[in-house]
Amino acid sequence: MKSTKKEEEKKIVAEMEAALAESASQKEEESEKKETPVSAPSSPKKRSFYDATTPEQIHCRRCKTLMENGVCPTCGYRMYVPMSKEKQDKIKWIGTVIGLVVFAVLFVVLQISKG
């Protein structure tokens with residue numbers, strides 16, 4: 001009795017392993033089929049952050065209409081678009097220069113009032 005149960009269990013385990021191996025190979029084949037090559041931008045012009053990170057078609061959160069350049073033509077909803085890296089760097093540079101100028105002016109004024 002025990003030997004037949006063990007044989008049945010071995011047979012079931014073998015069938016399960018075969019099924020798992022088959023499903024894994026099918027998943028690999030499907031993933032290979034789904035992969036599409038990523039193409040470079042068609043023109044060498046500089047792309048904005050919005051163009052680089054958002055899909056071709058996006059729908060409005062409010063009314064589900066197809067948006068045009070981050071703005072809904074129906075309700076006017078504007079999608080959040082973060083600042084570009086260049087703009088962030090420019091703001092940091094201007095802030096640094098202003099901070100150094102203020103420091104220099106305060107330093108000079110304190111030195112003159114001290115002496």
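1. F103 and F107 stand four residues apart in helix α3 (residues 85–114), and so about one helical turn separates them. Helices here are DSSP runs of H or I with at least four residues, strands are runs of E with at least two, and both are numbered from the N terminus. This is a predicted model, in which local features need pLDDT of at least 70 and side-chain atom pairs count only at pLDDT 80 or more, while totals for chains, interfaces and linings use all residues. Residues are numbered from 1 along each chain as its sequence is written, and side-chain values use heavy atoms, with hydrogens and water left out.

2. How many aromatic pairs does the model hold? The count comes to one aromatic pair, under a rule that pairs rings of Phe, Tyr and Trp (its six-membered ring) if their centres lie within 6.5 Å, with planes under 30 degrees apart called stacked, over 60 edge-to-face and the rest tilted. The ring centres of F103 and F107 are 6.3 Å apart and their planes meet at 20°, so this pair is stacked. As to exposure, where buried means under 20% relative accessible area, exposed over 50% and partly exposed in between (1.4 Å probe, protein chains only), F103 is exposed at 56%, and F107 is partly exposed at 45%.

3. A search of the whole structure finds one salt bridge. K85 and D89 are four residues apart in helix α3, and so about one helical turn lies between them, and D89 is partly exposed with a relative accessible area of 36%.

4. A nonpolar surface patch is formed by W93, I94, V97, I98, V101, V102, V105, L106 and V109, which together have about 820 Å² of accessible area. Patches take residues with over 30% relative accessible area and no salt bridge, joining nonpolar side chains (Val, Leu, Ile, Met, Phe, Trp, Tyr) within 5 Å and like charges within 9 Å, and the areas come from the Shrake-Rupley method with a 1.4 Å probe, only the protein chains shown counting as cover for residues.

5. Residues E28, E29, E30 and E32 form a negative surface patch, and E28 belongs to helix α1 (residues 2–34).

6. The loop between α2 (49–53) and α3 contains K64, whose phi is near 65°, a positive value in a residue other than glycine. N69, in the loop between α2 and α3, likewise has a positive phi, near 55°. K64 is exposed at 59% and N69 at 70%. R61 is found in that loop too, is exposed at 68%, and has its C-alpha 8.8 Å from that of M79, 18 residues away in sequence.

7. For the protein as a whole, the secondary structure comes to three helices and zero strands, in the order α-α-α, and buried residues make up 6% of its 115 residues.

Methods
A salt bridge is a side-chain nitrogen of Lys or Arg within 4 Å of a carboxyl oxygen of Asp or Glu. Lys and Arg count as positive and Asp and Glu as negative; His and the chain ends are not counted. The place of a charge is taken as NZ of Lys, CZ of Arg, CG of Asp or CD of Glu.
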